[in-house]
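Me: I'd like to learn how to read a model like this one, feature by feature. Could you walk me through it?

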Amino acid sequence: MTKFTDHLWEQALPIYEKIKQHPFNQELKEGTLPLEKFKYYIYQDSLYLADFARALAMTGTKAGNSHELLDFLEFAQNAILVERALHLGYFKEYEIEFDSGKGLGCFAYTNYLLATSAFESYEVSVAALLPCFWIYKKVGDYIYADQTTPNPYQNWINAYAGEDFARSVQKALDICDQLAASASEQTRNKMTEAYIKATEMEYLFWEGAYRLAISC
Ligand SMILES: Cc1ncc(CN)c(N)n1
């Protein structure tokens with residue numbers, strides 16, 4: 001039987017293809033991404049992860065059982081302890097010292113996730129958060145499989161193509177499928193909309209980093 005997440009994947013596939021082909025990810029794969037762009041991305045991502053963790057924890061409070069509450073609290077903890085540890089290594093190694101605050105791509109995405117987790121149902125919040133897991137896993141695997149080595153961005157690639165991250169992604173997918181199985185058609189439509197919107201925001205985040213900020 002086709003899973004709900006298969007349907008989500010199909011719906012947002014054209015955006016994923018654009019994400020894969022985006023010069024940020026192509027150059028990261030080749031190891032030719034200018035360091036300044038990677039540094040700016042890492043700075044923006046550190047701001048993103050702080051709010052992503054809040055959105056995860058807030059979504060967890062809506063879970064219908066304590067297993068899923070714990071899953072979301074663990075996701076939030078990983079965003080802060082594991083993903084930000086990766087960032088802190090880069091902050092030190094590359095002496096990242098931006099203080100410009102969130103660019104528009106990061107601002108729009110974090111505000112979308114925070115607003116959704118605050119005001120939407122558990123089902124819709126989970127669908128909105130799913131691309132943060134799944135798209136990164138797919139991009140990580142894609143780059144890992146075809147990367148130029150040695151690659152200066154190897155730690156980043158290994159983190160998102162790694163098994164620990166894969167386990168979290170699978171958990172998030174399973175929760176989303178379970179919720180969709182007992183949701184109304186109207187809720188499933190809202191879940192699809194949220195998943196597509198968040199995938200678009202993933203694209204914009206890379207675009208903003210590559211352009212060193214989208215501004216007016
Ligand atoms: C923008 C963004 N989206 C997703 C991830 C992976 N949690 C991330 N680090 N940054």
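Me: Let's start with one residue. Which residues does Leu 130 touch, not counting those up to four places away in sequence?

Reply: This is a predicted model, so we are reading computed geometry. Leaving out residues up to four places away in sequence, Leu 130 touches Ala 172, Cys 176 and Tyr 195.

Me: How many helices and strands does the protein have?

Reply: There are 10 helices and 0 strands. Read from the N terminus, the elements run α-α-α-α-α-α-α-α-α-α. The radius of gyration is 17 Å, close to the 17 Å that the globule rule gives for 216 residues, so the protein is as compact as a globular protein of that length. Along the principal axes, the C-alpha atoms fill a box of roughly 45 × 35 × 35 Å.

Me: What share of the residues counts as buried, and what share of the contacts joins residues at least 24 apart?

Reply: Of the 216 residues, 38% count as buried. As for contacts between residues at least 6 apart in sequence, 81% join residues at least 24 apart.

Me: Where is Cys 106, and is it buried or exposed?

Reply: Cys 106 is in helix 6, residues 104–119. It counts as buried because it has 25 C-beta neighbours inside 10 Å, where 20 or more is the cut-off. Beyond residues up to four places away in sequence, Cys 106 touches Gln 44, Leu 47, Tyr 48, Phe 205 and Gly 208. Two of these partners, Phe 205 and Gly 208, are among the buried residues of helix 10. By contrast, the C-alpha atoms of Cys 106 and Lys 190 are separated by 23 Å.

Me: What should I look for in helix 4, taking Ala 55 and Ile 42 as examples?

Reply: Take each residue's surroundings, then its partners. Ala 55 lies in helix 4, residues 35–60, and is buried, with 26 other C-beta atoms within 10 Å. Neighbours within four places aside, Ala 55 is in contact with Leu 113, Leu 114, Ser 117 and Leu 129. Ile 42 also lies in helix 4 and is buried, with 21 other C-beta atoms within 10 Å. Ile 42 and Leu 86 are 44 residues apart in sequence and 9.4 Å apart in space, C-alpha to C-alpha.

Me: Now the backbone. Which residues does a cis peptide bond join, and what is the phi of Glu 95?

Reply: For these, read the omega and phi angles. A cis peptide bond joins Thr 149 and Pro 150, with omega about -5°. Pro 150 is found in the loop between helix 7 and helix 8 (154–161). Glu 95 has a positive phi of about 50° although it is not a glycine. Glu 95 lies in the loop between helix 5 (66–93) and helix 6, and counts as exposed, with 8 C-beta neighbours inside 10 Å.

Me: Where does UniProt place a domain?

Reply: The unreviewed UniProt entry places "domain: Thiaminase-2/PQQC" at residues 9–211. In the model, that span is 82% helix and 0% strand, and its end C-alpha atoms lie 27 Å apart.

Me: Finally, what confidence does the predictor give?

Reply: The mean pLDDT is 96, and 99% of the residues reach 70 or more. For the complex, the predictor gives an ipTM of 0.98 and a pTM of 0.96.

Technical notes:
Residues numbered from 1 in each chain as written. Predicted model: local features only at pLDDT ≥ 70, side-chain atom pairs only at ≥ 80, totals over all residues. Helix = DSSP H or I, 4+ residues; strand = E, 2+ residues; numbered from the N terminus. Rg over C-alpha atoms; globule rule 2.2 N^0.38 Å. Buried ≥ 20, exposed ≤ 12 C-beta atoms within 10 Å, placed from the backbone. Contact = placed C-beta atoms within 7 Å. UniProt positions renumbered as here; feature names shortened; annotations may be inferred. pLDDT = per-residue confidence, 0-100.
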